[in-house]
Amino acid sequence: MTAQPPEPPPRDVPRGELRASHDDREAVVEQLRDAAAEGRIDLDELDTRLERALTARTYAELDVLTADLPRPRTAGDLPPLVLKGGLHGASRGPARWDVPGHVIAHGGLGGVKLDFSRAECRLPEVTVEAYGETAGVTVVIPEGWAADTGALDPGIGGLKDTTTPDRLPGTPLIRLTGTGGMAGVVIRHPNRWERRKLGNGRARG
């Protein structure tokens with residue numbers, strides 16, 4: 001039996017020499033287009049860089065194309081969003097808004113409504129820390145998004161969860177924590193009136 005030659009030891013390859021994937025190239029393309037929209041590079045330079053990005057083979061070839069551009073801000077960089085109902089209430093949505101990884105909602109005397117119907121969310125999971133207090137907190141999530149409410153203390157006001165458990169691929173999980181307080185916490189999908197309003201908004205857009 002012929003002895004097999006020993007395998008060569010693994011080599012530490014510098015990051016720049018590693019092969020780039022389709023997703024890596026697409027991420028750079030998106031960053032370049034955003035930079036052009038912000039006026040950081042002109043259209044001729046955009047075309048040149050896009051061509052190089054789409055044919056890049058390594059990370060080094062991609063990195064040089066964005067070295068003079070600000071690092072794109074991600075949802076993970078956003079600070080926690082804090083909403084306080086106070087005397088008059090507070091809300092976020094349904095207009096488009098960037099979702100951070102952590103949202104804190106205090107119902108106060110006026111209540112809080114947190115509507116993710118048109119939210120821009122690129123995170124796999126978002127923690128919503130809800131405190132119902134006197135007027136309650138309502139959380140609205142699109143159809144296809146799912147919620148985990150096991151960590152929320154229902155308190156006196158309780159928890160009302162009418163969301164469906166079916167989660168579509170690529171959608172975030174809303175992890176609900178906190179306490180229901182006196183008025184409770186509600187998490188649901190858009191109702192008929194809200195769906196109609198969203199549909200009208202898309203038609204106008």
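**Notes on the charges and fold of this model**

1. Let's start at Lys 113, which is partly exposed at a relative accessible area of 30% (buried means under 20%, exposed over 50% and partly exposed in between, with a 1.4 Å probe and protein chains only). Before going on: this is a predicted model, where local features need pLDDT of at least 70 and side-chain atom pairs count only at pLDDT 80 or more, while totals for chains, interfaces and linings use all residues. Residues are numbered from 1 along each chain as its sequence is written, and side-chain values use heavy atoms, leaving out hydrogens and water.

2. What does Lys 113 pair with? Its partner in a salt bridge is Glu 194, at 2.6 Å from N to O (a salt bridge is a side-chain nitrogen of Lys or Arg within 4 Å of a carboxyl oxygen of Asp or Glu). Lys 113 sits in strand β4 and Glu 194 in helix α4 (residues 192-204), so the pair ties together parts 81 residues apart in sequence. Glu 194 itself is buried, at 7% relative accessibility.

3. Arg 96 is exposed, with a relative accessible area of 62%, whereas Glu 120 is partly exposed at 29%.

4. Have a look at helix α2 (residues 43-54) as well: Glu 45 and Arg 49 are four residues apart there, which means about one helical turn separates them. They form a salt bridge, with the closest N and O atoms 2.5 Å apart. Arg 49 is buried at 9% relative accessible area, but Glu 45 is partly exposed at 31%.

5. As for the overall fold, the protein has four helices and ten strands (DSSP runs numbered from the N terminus: helices are H or I with at least four residues, strands E with at least two). From the N terminus, the order is α-α-α-β-β-β-β-β-β-β-β-β-β-α.

6. Two totals to finish. Of the 205 residues in the protein, 37% are buried. Among contacts with a separation of 6 or more, 68% come from residues 24 or more positions apart (contact means heavy atoms within 4.5 Å).
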